[in-house]
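I opened my notebook and loaded the structure to see what I could look up. Here it is, for anyone who wants to follow along.

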Amino acid sequence: MQTVKEPSSPRQRGRLLKILGVGFGLAVIIGNTIGGGILSTPGSVATYLPNAWLFIAVWVVGGIYALLGVVSVAELGTMLPRSGGQYVFAHHAFGDYAGFVVGWVDWVSTCGASAFIALVAAGYTTVLFPSLGGREISIALAIVIAFALLQWRGIRWGSTAQNITSLLKALAFMVLIVACFALGGKGATEQPIAAATESSTPLFAAIILALQAVIYTYDGWTGVIYFSEEVRDPARDIPRSMFGGVLSVIAIYLLINLAVIYVLPISEVAGKDLALGAAAQVIFGAHGDQIFRSLMIVSLLSAVNACYLMATRVLFAMSRDGLFASHVAQVNKGGTPALSLLISAIITVLFIVTGSIDQVLAVTAFFFVANYTVSFAAVFALRRREPDRLRPYRAWGYPWTTGLSLIGSLAFLAGAVKGDTKNSLYALALLAASYPTFHLLKLLARSKGGVHRGDSDEQS
């Protein structure tokens, strides 16, 4: 039986530290998933489906999709316990180029997400403190630089910050949810299902559009696999973190949406950019906005820290495998890939100061589900090619559960292309340009010498 080899590299000054447990796994999944999306998505979903039953149903279906994804990805995470996220699976299953595309897009989009979230947090800060008005960019830069310096100290500092901010986030959301149910009760007004979408959008199309928005909001449940070789017991802790994390997110999302429509009629939720904020104002009156924005700042800071941690591991893994400059795989004594963190911080800062975040995120959104599709396909490919490889966790219900996730991802991808053709075409152009870029970067990496080839490349 083939066993998983521990990755190593002669170019590393230090090594990744195997110190993380289930608590961190839960924290990074909650921190990475629950962010700005849950603020705006309920208003969009209610616009498509102004019926309470349909409104809640799409959130349940989105949660089931995420849960099915965990069933399959947890197998890959325990089979290939190497830090780097879905890049690791694509690289091992399909070779250098597939790994490069998945890793590069994941890294760029995660840096962009860090910048976007920091700017949103800065915007909420200036509303709470009007004297800071007009300094959003400076505040956002201060946030991302502060987290970069914190993580430079080592994974213990970064993981502690993640644990604390995610716990505060979860507690704050639960307090607000309890307040909504305790002090609300004027919502639940709904249109009949037949009348819910009597606009120009047919009911089926409205459900698909709402489901797309919900699935985007659930993105982040893979968080712990970016740190697989830093988890003390990946065979046990990765599945526990992923299932526990996604179930926690599903529970929080369902409670948030139930609380919102308990306080507000669903007709008032429709079109609201900040539906939860509107509910908080109803509950707390004049102080509702301050309470809500304070909650959101804590929530967003947790997401910034998680994105930084994840982006750093993706670039580190690519560098270690010879798909980026090999010296970027150096690790400091605190267990942080320092040069990878520095480059990720620089890109994040550039996104903030140039104002290019929205376009980058819109284009890379095409690859959001495409990366999941590659991971689900990797389960099939590796089951066939490496049937005897050690799999501490095996996907429950395989091949049906994995197949359903794969079909759902392909359907979602087709819907995304149809719904945003312009940015999808940009993404396809980016994909075409990635091939010569891949060969150029690989050539540059090899010209430096000392490129390490990990066990995930043995088939390439």
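**Entry 1: a salt bridge between loops**

Are arginine 82 and aspartate 321 buried or exposed? I looked them up, keeping in mind that this is a predicted model. Arginine 82 turned out to be buried, and aspartate 321 is buried too. Their side chains meet in a salt bridge, 3.4 Å from N to O. The pair links distant parts of the chain: I found arginine 82 in the loop between H3 and helix H4 (86-94), and aspartate 321 in the loop between H13 and helix H14 (338-354), 239 residues apart.

**Entry 2: the other salt bridges**

How many salt bridges does the structure hold? I have nine in my notes. One of them joins arginine 383 to glutamate 75, with the closest N and O atoms 2.7 Å apart. Arginine 383 lies in helix H16 and glutamate 75 in helix H3, so this pair ties together parts that are 308 residues apart in sequence. Arginine 383 and glutamate 75 are both buried.

I then turned to arginine 236 and aspartate 233, whose side chains meet in a salt bridge at 3.9 Å, N to O. Arginine 236 counts as partly exposed, with 41% relative accessibility. Aspartate 233 also counts as partly exposed, at 31%. Back at arginine 383, I noted that salt bridges with shared partners join Glu75, Arg383 and Arg391 into one network.

**Entry 3: around tyrosine 398**

Arginine 383 came up again here. It lies over the face of tyrosine 398, 4.0 Å from the ring centre. I checked the backbone next: the peptide bond from tyrosine 398 to proline 399 is cis, with omega near 5 degrees. I wrote that down because most peptide bonds are trans. Proline 399 has its place in the loop between H16 and H17.

**Entry 4: helix H9**

I followed helix H9, which covers residues 203-218. Its 16 residues reach 23 Å from the first C-alpha to the last, close to the 22 Å expected at 1.5 Å a residue. Which residues of H9 are buried? My list has Ala206, Ala210, Leu211, Gln212, Val214, Ile215, Thr217 and Tyr218. The buried residues of H9 pack against several helices, among them H1 (22-33), H2 (37-48), H10 (234-263) and H17 (400-419). After the helix comes glycine 220, and its phi is positive, near 130 degrees.

**Entry 5: aromatic pairs**

I counted 17 aromatic pairs. In one of them, the ring centres of tyrosine 97 and tyrosine 435 are 5.0 Å apart and the planes stand at 85 degrees, so the pair is edge-to-face. Tyrosine 97 lies in helix H5 (residues 96-128) and tyrosine 435 in helix H18 (residues 421-447), so the pair ties together parts that are 338 residues apart in sequence. Tyrosine 97 counts as partly exposed at 26% relative accessibility, and tyrosine 435 counts as partly exposed at 43%.

Another pair took me back to H9. The rings of tyrosine 216 and phenylalanine 412 have centres 5.4 Å apart and planes at 70 degrees, so this pair is edge-to-face. It links distant parts of the chain, with tyrosine 216 in helix H9 and phenylalanine 412 in helix H17, 196 residues apart. Tyrosine 216 counts as partly exposed at 34% relative accessibility, whereas phenylalanine 412 counts as buried at 8%. I also traced a cluster in which ring pairs link Tyr97, Phe100, Trp104, Trp107, Phe324, Tyr435 and Phe438.

**Entry 6: the core**

Which residues touch the most other members of the largest nonpolar core? Of its 133 residues, Trp59 and Met242 do. The largest share of this core, 17 residues, comes from helix H13 (residues 288-320). Leaving out residues up to four places away in sequence, I found methionine 242 touching Ile29, Val70, Val73, Ala74, Trp221, Thr222, Val224 and Ile225.

**Entry 7: two single residues**

Asparagine 305 is found in helix H13. It is buried, with a relative accessible area of 0%. Apart from neighbours within four places in sequence, asparagine 305 is in contact with Phe147, Leu150, Gln151, Gly158, Ala161 and Gln162.

My last stop was proline 234, in helix H10. Proline 234 counts as buried at 13% relative accessibility. From C-alpha to C-alpha, proline 234 and glycine 77 are 7.8 Å apart in space, yet 157 residues apart in sequence.

Definitions and conventions
Residues are numbered from 1 along each chain as its sequence is written. This is a predicted model: local features need pLDDT of at least 70, side-chain atom pairs count only at pLDDT 80 or more; totals for chains, interfaces and linings use all residues. Side-chain values use heavy atoms; hydrogens and water are left out. Helices (H or I, at least four residues) and strands (E, at least two) are DSSP runs, numbered from the N terminus. The expected span of a helix is 1.5 Å times one less than its number of residues. Buried means under 20% relative accessible area, exposed over 50%, partly exposed in between (1.4 Å probe, protein chains only). Contact means heavy atoms within 4.5 Å. A nonpolar core is a set of buried Ala, Val, Leu, Ile, Met, Phe, Trp, Tyr and Cys residues joined through side-chain atoms within 4.5 Å. Rings of Phe, Tyr and Trp (its six-membered ring) pair if their centres lie within 6.5 Å; planes under 30 degrees apart count as stacked, over 60 as edge-to-face and the rest as tilted. A charge sits over a ring if NZ of Lys or CZ of Arg is within 6 Å of the ring centre and within 35 degrees of the ring normal. A salt bridge is a side-chain nitrogen of Lys or Arg within 4 Å of a carboxyl oxygen of Asp or Glu.
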